[in-house]
Amino acid sequence: MSIKTTGRGSYKRTRLTKHGFPRGYLMRQKQVQGFQTGDMVRAIVPKGTKMGVWNGRVAVRKTGSFNIQTVNGPVQGISYKHCTLTQRSDGYGYHIQPNQRKEEGDRESRSR
């Protein structure tokens, strides 16, 4: 398992360019439909082009159409109605890496 710090949000409501001009505005509320950016979710989409089961970190939008960052890359435009919260955001990002079986590693080192 690897762990990476992601933070808990931003107080500043405006992003700035390198010259100090406003570039974009952040949402006024940090939560949308009970979800917050950084939460781990499981989305089961029954039909459409994004059909399937998606597990990952969510990035919320005010419209309720979320992005989910999965192991294979981002999936955009998933409705909050399909999402189920698996873990609240705590300022860290978690990634579970599949472990190689120890017996297989031992066999390869013995054969050399």
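Q: How are strands defined and numbered here?
A: Helices (H or I, at least four residues) and strands (E, at least two) are runs assigned by DSSP, numbered from the N terminus. Here, Q69 lies in strand 8. Keep in mind that this is a predicted model, where local features need pLDDT of at least 70 and side-chain atom pairs count only at pLDDT 80 or more, while totals for chains, interfaces and linings use all residues. Residues are numbered from 1 along each chain as its sequence is written, and side-chain values use heavy atoms, leaving out hydrogens and water.

Q: Is Q69 buried, exposed or partly exposed, and why?
A: Buried means under 20% relative accessible area, exposed over 50%, and partly exposed in between (1.4 Å probe, protein chains only). Q69 counts as partly exposed because its relative accessible area is 43%.

Q: Which residues does Q69 contact?
A: Contact means heavy atoms within 4.5 Å. Leaving aside neighbours within four places in sequence, Q69 touches N55, G56, R57 and P74.

Q: Okay, sheets next: in what order do the five strands sit?
A: Strands of a sheet pair through backbone hydrogen bonds, either parallel or antiparallel. Two strands pair if DSSP finds at least two bridges between them. In this model, five strands make an open sheet, ordered 9-8-7-6-10, with antiparallel pairing. Strand 9 and strand 10 (83-87) are the edges, each pairing on one side only.

Q: How many bridges join strand 6 to strand 10?
A: Four, and the two strands run antiparallel. For V41, the bridge partner in strand 10 is L85.
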